[in-house]
Amino acid sequence: MELQLEPLKLEGIEEKRPLVIAGPCSAETEEQVMDTARQLAGKGVKIFRAGIWKPRTKPGGFEGVGVEGLAWLKAVKQETGMYVATEVATSKHVFEALKAGIDILWIGARTTANPFAMQEIADALKGVDIPVLVKNPVNPDLELWIGALERINGAGLKRLGAIHRGFSSYDKSIYRNLPQWHIPIELRRRIPNLPIICDPSHIGGKRELVAPLSQQAMDLGFDGLIVESHCNPDCAWSDAKQQVTPDVLDYILNLLVIRSEKQTTENLAELRKQIDECDNELIQILAKRMRVAREIGTYKKEHAMTILQTGRYNEILEKRGSQGALCGLDADFIKKVFEAIHEESVRQQMEIINK
Ligand code: PEP
Ligand code: MN
């Protein structure tokens, strides 16, 4: 069956990559939802996500606040003007979400894997015009993913998208869900006009992986990113390890390099100009750092302190390593760079002390 698709068409949202959807894994309290939403809106995020009904592997975990939370999403919409999105897994969820004016629905990975649930949702959506994003099934089965999209499309919904959130695996890996990029790439080949969004949070399972996975998705030509963001990630009631604050999300998004699919010599010249600008900034910032190091040298001389403060040096190496990892930089590379910078700082301070 060939899918009959239309663009997602979201008024007020620029058609540039990446389309960003962000918000907490789960809506927990009205305060948490509003605080996170206000911060994200302040960073220019236009689509807010929050899970209201949470599918949990085992009973006893936080299963979502349920309908009560829909009122909070409504408030987010009214106050910030963001579009709001939530996950639906049953026809009851669909009715409640539509009644509350939710703008975008997504189907979770466990639901996509279940054709009965997919058909029930498709039937509940018949005649409704709302964008629906279908996550890949938990198991690496492209046909099941396409089948779920076909069921929703068969109910008349044309504004569809796919979300790549990685695949379950019994083997241990650094990922929570293996990316298996060739599967969404094959999906793109089979259905070229279907927008594909990457969910680096559920692929990575840890916040350090959000930046590198987002960059990888952009390099592979994905259209958007859905990222879990929470005002206080460490205290989140679900998926605490993989959520980032709105500030960190903004930082990650700003660092993304978005390459055009049509690379021309003009693009290359533009990219080289960007490299020149980066190098210029690097040199200026290094000069500033050395000026500060010399000031510290003067202070150490006046207070008869040793130049090398081992505790501080270790702290720098460690902190910079993890800051670097957050930006997708190799830890060994960062270590080498900071060893070189530190060596030069020590040399500059020696000069001052021996003056
Ligand atoms: C989610 O997006 O919070 C979620 C439950 O994701 P998935 O269906 O990908 O596990
Ligand atoms: Mn989650």
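Visitor: Where is G328 found?

Guide: In this predicted model, G328 is in the loop between α12 (310–326) and α13 (331–353).

Visitor: Is G328 buried or partly exposed?

Guide: G328 counts as partly exposed, with a relative accessibility of 42%.

Visitor: Stepping back, how many helices and strands are in the protein?

Guide: The protein has 13 helices and eight strands. Its C-alpha atoms fill a box of roughly 80 × 50 × 45 Å along the principal axes. Of its 355 residues, 45% count as buried.

Visitor: Back to glycines. Where does G51 lie, and is it buried or exposed?

Guide: G51 lies in the loop between β2 and α2. Its relative accessible area is 0%, so G51 is buried. The C-alpha atoms of G51 and G108 are separated by 10.0 Å, and the two residues are 57 apart along the chain.

Visitor: Salt bridges next. How many does the structure hold?

Guide: The structure holds 20 salt bridges. One of them is between K43 and D247, with the closest N and O atoms 2.9 Å apart.

Visitor: What does the pair of K43 and D247 tie together?

Guide: K43 is in the loop between α1 (30–42) and β2, and D247 is in helix α10, so the pair ties together parts 204 residues apart in sequence. K43 is partly exposed at 36% relative accessible area, and D247 is partly exposed at 47%.

Visitor: Which residue forms a salt bridge with D234?

Guide: R207 does, with the closest N and O atoms 3.2 Å apart. D234 sits in the loop between β8 and α10 and R207 in the loop between α8 (200–204) and α9, so this pair ties together parts 27 residues apart in sequence. D234 is exposed, with a relative accessible area of 60%, whereas R207 is partly exposed at 22%.

Visitor: And which side chain meets D219?

Guide: The side chain of R259 meets D219 in a salt bridge, at 2.4 Å from N to O. D219 is in helix α9 and R259 in the loop between α10 and α11, so parts 40 residues apart in sequence are tied together. D219 counts as partly exposed at 42% relative accessibility, and R259 is partly exposed at 36%.

Visitor: Which residues are linked in a network of salt bridges?

Guide: R294, E344, R347 and E351 are linked in such a network.

Visitor: Now the rings. How many aromatic pairs are there?

Guide: The count comes to two aromatic pairs. F62 and W237 form an edge-to-face pair, 5.0 Å centre to centre with 90° between the planes. F62 is in the loop between β2 (47–49) and α2 (68–80) and W237 in the loop between β8 (224–228) and α10 (246–255), so the pair ties together parts 175 residues apart in sequence. W237 counts as partly exposed at 43% relative accessibility.

Visitor: How far apart are the ring centres of W181 and F222?

Guide: Those centres are 5.6 Å apart and the planes are at 90°, so the pair is edge-to-face. W181 is in the loop between β6 (160–164) and α7 (182–190), and F222 is in the loop between α9 (210–219) and β8, 41 residues apart. W181 counts as buried at 12% relative accessibility, and F222 counts as buried at 4%.

Visitor: What about backbone geometry? Which residues does a cis peptide bond join?

Guide: A cis peptide bond joins R17 and P18, with omega about -10°. P18 is in the segment before β1 (19–23).

Visitor: What is the phi of Q180?

Guide: Q180 has a positive phi of about 45° although it is not a glycine. Most residues other than glycine have a negative phi. Q180 is in the loop between β6 and α7 and is partly exposed at 25% relative accessible area. D239 also has a positive phi, near 50°. D239 lies in the loop between β8 and α10 and is buried, with a relative accessible area of 18%.

Visitor: Last topic, the surface. Which residues form a negative patch?

Guide: D276, E277, D279 and E281 form a negative surface patch. E277 is in helix α11 (residues 265–302). A nonpolar surface patch is formed by L282, I285 and L286, with about 270 Å² of accessible area together. L282 is in helix α11.

Technical notes:
Residues are numbered from 1 along each chain as its sequence is written. Chains are lettered from A and ligands numbered from 1 in the order in which they are written. This is a predicted model: local features need pLDDT of at least 70, side-chain atom pairs count only at pLDDT 80 or more; totals for chains, interfaces and linings use all residues. Side-chain values use heavy atoms; hydrogens and water are left out. Rings of Phe, Tyr and Trp (its six-membered ring) pair if their centres lie within 6.5 Å; planes under 30 degrees apart count as stacked, over 60 as edge-to-face and the rest as tilted. Helices (H or I, at least four residues) and strands (E, at least two) are DSSP runs, numbered from the N terminus. Buried means under 20% relative accessible area, exposed over 50%, partly exposed in between (1.4 Å probe, protein chains only). Patches are made of residues with over 30% relative accessible area and no salt bridge: like charges are joined within 9 Å, nonpolar side chains (Val, Leu, Ile, Met, Phe, Trp, Tyr) within 5 Å. Accessible areas come from the Shrake-Rupley method with a 1.4 Å probe; for residues, only the protein chains shown count as cover. A salt bridge is a side-chain nitrogen of Lys or Arg within 4 Å of a carboxyl oxygen of Asp or Glu. Lys and Arg count as positive and Asp and Glu as negative; His and the chain ends are not counted. The place of a charge is taken as NZ of Lys, CZ of Arg, CG of Asp or CD of Glu.
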